[in-house]
Amino acid sequence: MSRTALRICPLCEATCGLTLTIEGTEVTGARGDRDDVFSKGFICPKGAAFGAVDADPDRLRAPLVRRDGVLREATWEEAFDAVAAGLRPVVERDGPNAVGVVLGNPNVHTMAGALYPPVLIAGLRTRSLFTASTVDQMPKHVSSGLLYGDANAIPVPDLDRTDHLLLIGANPLESNGSLCTAPDFPGRLKALKARGGTLTVVDPRRTRTARLADRHIAVRPGTDALLLAAIAHTLLEEDLADPGDLTPHLQGLDELRDALRDFTPEAVAEACDVDAGTIRTLARELAAAPTAAVYGRIGSCTVPHGTLASWLVDVCTILTGNLDRPGGALFPQAATDRTPRPAGPGHGFALGRWRSRVSGHPEAKGELPLSALAEEIDTPTDEGTPVRALIAVAANPVLSAPDGDRLDKALDSLEFMVSVDPYLNETSRHAHVVLPPPPPSQSPHHDFAFNTLAVRNQVRYTRPAVPLEPGRMAETEIMARLVLAATGLHGTDPSAVDDMVIGQTLGKAVTEPHSPVHGRDPQELAAQLTGVSGPERRLDMMLRLGPYGDGFGARPDGLTLDRLLAHPHGIDLGPLASRLPQPLKTVSGKVELLPEPIAGDLPRLRSALRERPDGLVLVGRRHLRSNNSWMHNVPALTGGSNRCTLHIHPDDAGRLGVRDGAPVRLKGAGGEVTAPAEVTDAVRPGVVSLPHGWGHDRPGTRLGHASGNPGVNVNQLLDGRALDPLSGNAVLNGVPVEVSPVAETISALT
């Protein structure tokens, strides 16, 4: 007999509500939840394939422990015994920094990934932290930290009310949005146009999003910061800048004018391959629109000037008075945010509090560049100890980081490695212990991170749709036990981790004058928490202490876990609202328009005015049915347009002798790959495009479907040396490559 259950989709940032059809314990169907307060029934191909993702036969069902060089199934007790025995001697002999932690993208899609890694890192006291952020979004965190004093204070475009949207390096019709959580992003863009608004897309490719736009600007890859600087310059030069109500909250407006003086539209036009008149038109339309928002994403982050581009996105929004106002870009307020503190100066944001051991890369947001992981393992120096043990949680850096071949060898040299991963993939195959979480249907779900980036304030929570299968362990318990094994507390009841966090959080809250529980007894508050597990009690605590919470009885109509459970389709908390100056944590208490690190990096941008690529440059590509490297093992999400081909313009193909469908060789600083050519005018001349996340051809994995159609690893073309210096983000776009046809063997019968 079939039944239905609700589930929030964990397969991309849109966080759509699903209605699952379940036969016994098997998910047999998935459709959009029409009553979901946020997604209202929208679903994409990934959500529709939830059952296939959930039931992938290659998912590991039991822990693996390496014995005599071979990974074999083991009990959970044996697995955690091995973790403790492998990690603790490294920490005690070489210190905490000898243990590296790598966090992959799927962490932000699970409750366990949100709640436990911070505890793990704090408990280990390691500075060897590497995450997917430095091959993706770190420039936005750094620019937000420098502007607003908080690296997580990222304003998002008010899609549902804006009159003018300028997208740079973003393709939300394929990605479903990123750093902007918006179910049915395509529908929201169509609604913008239907109400008479304007959509402009800046992208070297004519993407699906670009085809929807009123204007598509095919910019030269890597020059986004120059283009934005010229737009900002025009706003100031032509007296179009009008911050309006923002003005009292701004510091450095005059200094900004001087800093951008050299970036005239005429000066940047040749470097960007966008004529000066078009740049001035972009600025004038942005200023003239009743409301406007600028949104830059991965194409503008993964370039040599990613932090400057991210900073200038917000500068243009600020200069037109569109920051923190409806229809512009606003700061979301998630239900699990900390209790809002009174507005006023904060501690600010600092870069480079420590540096990587080998190349001296500065930390950003507590992280070192993922591109530096291999050298931190395989390069001895006189300073510090190499990374000798590694904890990888939902991470596959062999495919996601530059120069996977070098990292592949480095991982093989580790003294010990543990992976939390449902698959034996290109990275986890090196582990000494693999801890597999259960399928998503067997896990609870709340979006801690994505609700801080949502285009509408709301809160939703779903309990597991299917009970834990016998022999499985909840992902939250896996992570709690990993914390204990890594920090010398192996054997302690895993509930102690949640109890410790609850005690510490409430103990601090009662001492804060602005807290709704100031002066109360932490133990009495802890006793009020509800929920069937430690993670649920932590969620209840965060909701109660949050901006909409009941304050443990101080606000009787406020939010609690029990109230949220009574609303299975979620609770709508209203449209985004103006919040300044409360989110600001800068030392000045203002938006600091020209912080010193930004000013110090502008000379490098000025030098880019004279740079011109001699040959072809490479950009990435996203497919609607993929999310990085973690969905290529699902047949329903591969094939069709989701193929690992090299897009090349007909002019370049003709000049190089490349035929459509024929193999071509790409060579970059980190190596070379061969892929089939797809000749198309969807990419501008001088640019080629290869999707990321592929390259499933290494031995020792258990990815039956993916290995049958492996594609190639685009990141193997990179050697990892090209980084945005402020954020440590890898340069993945606008990378010079050589392209040549592969000689075809012709056999002649005689």
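The side chains of Arg544 and Asp540 meet in a salt bridge, with N and O 3.1 Å apart, the term standing for a side-chain nitrogen of Lys or Arg within 4 Å of a carboxyl oxygen of Asp or Glu. Both residues belong to helix 22 (residues 534–545), where they sit four residues apart, about one turn of the helix; helices here are DSSP runs of H or I of at least four residues and strands are runs of E of at least two, numbered from the N terminus. Arg544 and Asp540 are both buried, a word that means under 20% relative accessible area, with exposed meaning over 50% and partly exposed the range in between (1.4 Å probe, protein chains only). Elsewhere, salt bridges that share partners join Glu237, Glu238, Glu266, Arg280 and Arg284 into one network.

The model is predicted, so that local features need pLDDT of at least 70 and side-chain atom pairs count only at pLDDT 80 or more, while totals for chains, interfaces and linings use all residues. Residues are numbered from 1 along each chain as its sequence is written, and side-chain values use heavy atoms, with hydrogens and water left out.

Arg684 and Asp273 meet through their side chains at 2.8 Å, N to O; Arg684 lies in the loop between strand 24 (671–679) and strand 25 (687–689), and Asp273, 411 residues apart from it, in the loop between helix 12 (265–272) and helix 13 (276–288). Arg684 counts as buried because its relative accessibility is 13%, whereas Asp273, with a relative accessible area of 42%, is partly exposed. Arg406 is partly exposed at 31%, and Asp378 is partly exposed at 31%.

Turning to a serine, Ser727 lies in the loop between helix 26 (704–708) and strand 26 (735–736), and its relative accessibility is 2%, so Ser727 counts as buried. The side chain of Ser727 makes a polar contact with the side chain of Asp724 at 2.6 Å and reaches the backbone nitrogen of Asn729 at 3.2 Å; a polar contact is a pair of N or O atoms within 3.5 Å, where within protein one must be able to donate a hydrogen and the other to accept it, and residues adjacent in sequence count only if both atoms are side-chain atoms. Leaving aside neighbours within four places in sequence, Ser727 is in contact (heavy atoms within 4.5 Å) with Thr134, Met138, Pro139, Val142, Thr307 and Ala364.
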